[in-house]
Amino acid sequence: MASHPYISGANNIAQMIGYLRKNFPATVTSETVKKFSLAPNNESYVINALQFIGVIDEDGKRTTKGHDIFVMNDDTFPKAFEGLIREAYSDLLEIRGEEAWTLSRKDLTAYFRTTDKTSEVIGGRQAGVFQMFRALAGHHSVEEKTATKSSPKPKQPKSKPPAQPKAKDASASLETPHVDVQGGRKDMALTVRIEINLPANGTQETYDSIFKSIRANLINE
């Protein structure tokens, strides 16, 4: 059985620690974790991790050192929390020294697999829990810092080309003038095309009046 804690989502443990820093009840059990809707069906893994770092005992009762550290402000909490992790992971720090605070996930997985004789999946989860703990203690590996800096920037929407103005419909058009040169005299013919929009609800009398006006004012000119 693995001696170091593991879980598929280490962030569940981090969230639980955040809740306990706001309000640390005298007893913390799987039912407590369930009330926060964390790690469904995996609440016991969260409890195991909290017991491993010594903030609650085997019966789920909060410890004095756990309470004293969790009520600290954000400026003093990381250093004090580091002390808990140093004590809980003393075997790792004894083997790898201060380098343990910056080991890659690959190296951490290899260590936990060798120590606990676990599979690659479980070893990876153990590495994830330690990475989460050390992050709360103010330590980040090179790969974690790089991942934060190289997070993809949101894509900017492509600007659309300005819409071209549509040509207006002409109600009348002029045809190209025709020039005829005969005996030194220039004649120019001009053709005018007129469009008439008749009202759809007009009466016969209305239509007759329109055509009568056209005949009187245009055709007979």
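The legends below describe close-up views of one predicted protein model.

Residues are numbered from 1 along each chain as its sequence is written, and side-chain values use heavy atoms, with hydrogens and water left out. Because the model is predicted, local features need pLDDT of at least 70 and side-chain atom pairs count only at pLDDT 80 or more, while totals for chains, interfaces and linings use all residues.

**Figure 1. The protein chain and its elements.** The protein chain holds ten helices and four strands; helices (H or I, at least four residues) and strands (E, at least two) are DSSP runs, numbered from the N terminus. Read from the N terminus, the order of elements is α-α-α-α-α-α-α-α-α-β-β-β-β-α. Of the 221 residues in the chain, 30% are buried, where buried means under 20% relative accessible area, exposed over 50% and partly exposed in between (1.4 Å probe, protein chains only). Among contacts (heavy atoms within 4.5 Å) with a separation of 6 or more, 51% join residues 24 or more positions apart.

**Figure 2. The largest nonpolar core.** In soluble globular proteins, nonpolar side chains tend to be buried together. A nonpolar core is a set of buried Ala, Val, Leu, Ile, Met, Phe, Trp, Tyr and Cys residues joined through side-chain atoms within 4.5 Å. In this model the largest such core has 42 residues, and those with the most contacts inside it are I13, L50, F70, F81, Y89, L92 and F133. Two or more residues each come from α1 (11–22), α3 (43–52), α4 (64–70), α5 (77–88), α6 (90–96), α7 (105–116) and α8 (120–136). The most is given by α5, with six residues. Leaving out residues up to four places away in sequence, F70 touches I17, L20, R21, F24, V55, F77 and F81.

**Figure 3. The crossing of α7 and α8.** Two packed helices are described by the angle between their axes and the distance between the axes. Here, axes are lines fitted to C-alpha atoms, for helices over the stretch in contact, and angles run from 0 to 180 degrees between N-to-C directions. The axes of α7 and α8 come within 8 Å and cross at roughly 120°. The two helices are therefore oblique to each other, given that angles under 35 degrees count as roughly parallel, over 145 as roughly antiparallel, 65 to 115 as roughly perpendicular and the rest as oblique. Their crossing is right-handed; a crossing is left-handed if the near helix is turned anticlockwise from the far one by less than a right angle, and right-handed if clockwise. On the α7 side the contact is made by R105, L108, T109, F112, R113 and D116, and on the α8 side by E120, G123, G124, R125, Q126, A127, G128, F130, Q131 and R134. By class, these residues are four nonpolar, six polar and six charged, with Ala, Val, Leu, Ile, Met, Phe, Trp, Tyr, Cys and Pro counted as nonpolar, Asp, Glu, Lys and Arg as charged, and the others, Gly among them, as polar.

**Figure 4. The contact of α5 with α8.** The axes of α5 and α8 come within 8 Å and cross at roughly 145°. F77, P78, F81 and I85 of α5 meet F130, F133 and L136 of α8. Seven nonpolar residues form this contact, with no polar and no charged ones.

**Figure 5. The contact of α1 with α8.** The axes of α1 and α8 come within 9 Å, crossing at roughly 35°, and the crossing is right-handed. From α1, residues I13, A14 and I17 meet V129, M132, F133 and L136 from α8. The contact consists of seven nonpolar residues, no polar and no charged.

Figure 6. A10 lies in the segment before α1 and counts as buried because its relative accessibility is 14%. Apart from neighbours within four places in sequence, A10 is in contact with G128, V129 and M132. The C-alpha atoms of A10 and A39 are 9.3 Å apart, although 29 residues separate the two along the chain. A39 belongs to the loop between α2 and α3 and is buried, at 4% relative accessibility.

Figure 7. Most residues other than glycine have a negative phi. S37, in the loop between α2 (30–35) and α3, has a positive phi near 60°. S37 is exposed, with a relative accessible area of 61%. Phi of A39 is also positive, near 45°.
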